[in-house]
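Hi there,

Here is the structure I promised to pass along.

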Amino acid sequence: MFLLLDQEDRYDGETETFPRQTCVTIRFCGSHREAPAYYQKLLAYIEEKKLCITGFSRETTLIDYGITNNTDKFVTEIQIPVNI
């Protein structure tokens, strides 16, 4: 599970903070099922710009069933860390 907390939010459970990284990022309308096509776009961009992947990708659902039942409004973000 992934939660973004505002300063005024209180959460006493376990948390993990991601390190600051430079990433190539894409957001798209759709769910994780549509992600492979967007990974291909990111990888083509990374190759074109001669960047070096430095870690594992992250997929984050920004809008899904927790906000809407309309799957056409789902939004997913993919980040791949790179060295410039």
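To start with a question: in which loop is the place of Ser31? In this predicted model, Ser31 sits in the loop that runs between strand S1 (23-29) and helix H1 (35-48). Its relative accessibility is 15%, so Ser31 counts as buried, the limit for that being under 20%. Leaving aside residues up to four places away in sequence, Ser31 touches Phe74 and Thr76.

Thr71 is worth a look alongside it. Thr71 belongs to the loop between S3 and S4. Thr71 and Ser31 are 40 residues apart in sequence, with 7.9 Å between their C-alpha atoms. Thr71 has a relative accessibility of 40% and therefore counts as partly exposed.

H1 is made of 14 residues, and from first C-alpha to last it reaches 20 Å, close to the 20 Å expected at 1.5 Å a residue. Buried in H1 are Ala35, Tyr39, Leu42 and Ile46. Viewed down the axis of H1, the buried residues fall within an arc of 65°, so they line one face of the helix. What do these buried residues pack against? Their partners are S1, strand S2 (52-53), strand S3 (58-63) and strand S4 (75-83). On the other side of H1, the exposed residues are Gln40, Lys41, Glu47 and Glu48.

How values were computed: Residues are numbered from 1 along each chain as its sequence is written. This is a predicted model: local features need pLDDT of at least 70, side-chain atom pairs count only at pLDDT 80 or more; totals for chains, interfaces and linings use all residues. Side-chain values use heavy atoms; hydrogens and water are left out. Helices (H or I, at least four residues) and strands (E, at least two) are DSSP runs, numbered from the N terminus. Buried means under 20% relative accessible area, exposed over 50%, partly exposed in between (1.4 Å probe, protein chains only). Contact means heavy atoms within 4.5 Å. The expected span of a helix is 1.5 Å times one less than its number of residues. The arc is that of the directions from the helix axis to the C-beta atoms.
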